[in-house]
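Here is a short briefing on one protein chain.

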Amino acid sequence: MEPFRSVRGGGARVRLAAAEATLLRNLVGQIMALVDDDRGTVGYIEPPEDTLAALEASLHEPGSAVTPEDPVLARLLPDGYRDDPDAAGEFRKYTEPALRNAKYQVARQMLETLPADGGRIQLTHDQALAWLKALNDVRLALGVRLGVTEDFEEQWGRLKPDDPQWAAYEVYAWLGAVQESLVQALT
């Protein structure tokens, strides 16, 4: 992958190989499936133009007050209050559906602007921000699954190339490079 480049108007452009596009589409699709709620309706909720209307809608359909058991979901949908489980549950009940929907929507935006065969991609500023958010969610999820810590380079360095996790660490590092390249293009 060549790095992202800035474009007039605040967007970014990049050229991705077909394999890179396929990998990104697969990973982002997994995030969409993960944040979709049990009823399978997250993907069909269009965010209202009015932020107040969105807040009111979320108050009428509260979500679960329980922290997800899946560590990846718990990382993507963190508790609002770490030291107060009751307050965390109450906060989660009213914010989790909107957070799930927001994560689903940025992932969907990324997929809509990412051709399956790769190639040249030009993003508006808003599309590039959606990509950053979706890439962040993918990296968080993969990082949790791999047990990545601040000592990522050291962890990776202890792996042998024939270790099954080697490729996943390579993908994690590559995602970081993609994300950093996009941030640089936007600044």
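A contact means heavy atoms within 4.5 Å. Among contacts in the protein chain between residues at least 6 apart in sequence, 71% join residues at least 24 apart. This is a predicted model, in which local features need pLDDT of at least 70, side-chain atom pairs count only at pLDDT 80 or more, and totals for chains, interfaces and linings use all residues. Residues are numbered from 1 along each chain as its sequence is written, and side-chain values use heavy atoms, with hydrogens and water left out.

**Overall fold**
- The protein chain has seven helices and three strands, taken as DSSP runs numbered from the N terminus (helices: H or I, at least four residues; strands: E, at least two).
- Along the sequence, the pattern reads β-β-α-α-α-α-β-α-α-α.
- Of the 187 residues, 37% are buried (under 20% relative accessible area, 1.4 Å probe, protein chains only).

**Sheet**
- Three strands make an open antiparallel sheet in the order β1-β2-β3, where pairing requires that DSSP finds at least two bridges between two strands.
- β1 (5–6) and β3 (119–123) are the edge strands, each pairing on one side only.
- Five bridges join β2 (residues 12–16) to β3, and Arg 13 has Gln 122 of β3 as its bridge partner.

**Second largest pocket**
- A pocket is an open set of points on a 1 Å grid over the protein atoms alone, where a 1.4 Å probe fits, with protein on both sides within 12 Å along at least five of seven lines; lining residues have an atom within 4 Å of a point.
- The lining of the second largest pocket includes Leu 27, Gln 30, Val 72 and Arg 145.
- α1 (18–35) and α5 (125–146) are the elements that give two or more residues to this lining.

Technical notes
Buried < 20%, exposed > 50% of the residue type's maximum accessible area, 1.4 Å probe, protein only.
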